[in-house]
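Hi,

Here's the structure I promised to pass on.

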Amino acid sequence: MNAFKPVLTEHIHQKDCHTLPFYKSVGGYKALEKVLAMQPDAVIQEVKESNLRGRGGAGFSTGVKWGFIPKDSDQPKYLINNADESEPGTFKDRLLMNKTPHQMLEGMIIASYAINCNTAFIYIRGEFYKEYQVLKETLAEAYQANLLGQGILGSDYNLEVVIHRGAGAYICGEETGLIESLEGKRGWPRIKPPFPAIEGYLHCPTVVNNVETLACLPHIINHGADWFKSIGSEKGPGPRLFCVSGTVNNPGVFEEPMGISLKELIFDRAGGIPENKQLKAVFPGGSSSAILTAEEALDVKMDFEDLVEKKSMLGSAGVIVMDETVDMVQACLNIARFYAHESCGQCTPCREGTAWLVKMLTRIVNGQGKPDDIDMLYEITDNIGGRIDFSKGSFGKTICPFGEAVAWPVRSFVEKFEDEFRSYISQVEAVA
Ligand SMILES: Cc1cc2nc3c(=O)[nH]c(=O)nc-3n(C[C@H](O)[C@H](O)[C@H](O)COP(=O)(O)O)c2cc1C
Ligand code: SF4
């Protein structure tokens, strides 16, 4: 039996759940009232203590990130809500924006207050037109109710929120690519450091947080850091929205405590694999995570630590399931094509390497593979993403982590299903 009670999605099946009257009727904006009576530092401290870690991909501590915003600087501070949600296999932020946008907005106001920001942005994926319309209504309701604007709820705190629509580039989900795009430029990631907390939007201190991360905040304020820490895994606690897609009977978003087993997610929540076919492999954290074999997948907990131990990552918690019928060479080509298309082209290893991967994998799939191709695939992925040593961290060779995001999954396909790659190539040898 599932004893866990959803936190972020508790009300999403109720009528008018996206409206302000509904949100207020279930305790919405009580956390904001509480926060406005607190010192900003105390809000940061509470979030630090909750051990909330970012839900956008990197899993960095939210409170620690906020703490990097300089307090003695008189530059404006900015908050950006990363609603770009472009990672393949990930569709949770979209659900939150559609069904419970005030929860996310309340989180944004809390975060803005904590870092002393008076202008915040929602950078929303261009394709999310419906969600954009919902958010426009959400902001109008909030301004009308004095939850945004001047002197929020009678306090001396002011906040304006601006929605900015992206134009469909995957790389604009990466925080510095996003900031460049928001500034009206091409979405080219910046070299870090300096990190956005020191030099972000318009070179001012900026926090970028994911939609789901922000949606957690009202609950942390209402129920306290200890309550949050009591849910799921110790080192990365809280509720988490897992997106399950691919070859499962019941794909969807499932809210569960951090640390639920992947087996339970696939076979219980997502209803298992159609026609009782065998599980073959799984992306546990979007297409940027290294794939797990069935054996690994059946023995892993969905939290930051366990997945790193399995040499993969929780990422955006986009679980993509592949059954026994999936051709791993074709699947690998499919994701390599995506990354080659989305590389912003600034770094040679990424721009050239992704194109090479597509060329080679296409050749292999078309029956023109060469015996050296396997070694070459390893070499190219090493050159893009650095040699992967999880005990020491990776040695990136590119400006942004997109390099690793393509190198790790492609390499994992070749490493874990090398026989399938070899079999394509040996068919060529047999004909020759
Ligand atoms: C290539 C790439 C794409 C990314 N896409 C997204 C995205 O669509 N949404 C998101 O929230 N974070 C994305 N991220 C992570 C962001 O750079 C950033 O770490 C995150 O928005 C921070 O928010 P958080 O601390 O709340 O997780 C991406 C990172 C990379 C390297
Ligand atoms: S790693 Fe790729 S996507 Fe990232 S900055 Fe370099 S070329 Fe652009």
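Predicted model: local features only at pLDDT ≥ 70, side-chain atom pairs only at ≥ 80, totals over all residues.

Ligand 2 first. Ligand 2 sits in the largest cavity. There are 13 residues around it, and the ones that come nearest are Cys344, Cys347, Cys350, Thr398 and Cys400. Sorted by class, that shell has 8 nonpolar and 5 polar residues, with no charged ones.

On to the salt bridges: searching the whole structure gives 28 of them. Here are some to click on.

Lys280 pairs with Glu420, with the closest N and O atoms 2.7 Å apart. This one links distant parts of the chain, since Lys280 belongs to strand E7 (residues 279-283) and Glu420 to helix H18 (residues 418-431), 140 residues apart. Lys280 counts as buried, at 15% relative accessibility.

There's also a network: Lys92, Asp93, Glu212 and Arg240 are joined into one by salt bridges that share partners.

Lys192 and Glu175 meet through their side chains at 3.1 Å, N to O. Lys192 is in the loop between helix H8 (175-182) and strand E4 (206-210), while Glu175 is in helix H8 itself, so the bridge ties together parts 17 residues apart in sequence. Lys192 is partly exposed, with a relative accessible area of 25%.

Finally, Lys229 and Asp226 form a salt bridge at 3.8 Å, N to O. Both are in helix H10 (residues 225-229), 3 residues apart, so about one helical turn separates them. Asp226 counts as exposed at 59% relative accessibility, whereas Lys229 is partly exposed at 36%.

Cheers

How values were computed
Residues numbered from 1 in each chain as written. Chains lettered and ligands numbered in written order. Heavy atoms only, no water. Near = heavy atom within 4 Å. 1 Å grid on protein atoms, 1.4 Å probe; cavity = no way out; pocket = protein on both sides within 12 Å on 5 of 7 lines; lining within 4 Å. Sits in = over half its atoms within 2 Å of the grid points. Nonpolar A, V, L, I, M, F, W, Y, C, P; charged D, E, K, R; others polar. Salt bridge = Lys/Arg side-chain N within 4 Å of Asp/Glu carboxyl O. Helix = DSSP H or I, 4+ residues; strand = E, 2+ residues; numbered from the N terminus. Buried < 20%, exposed > 50% of the residue type's maximum accessible area, 1.4 Å probe, protein only.
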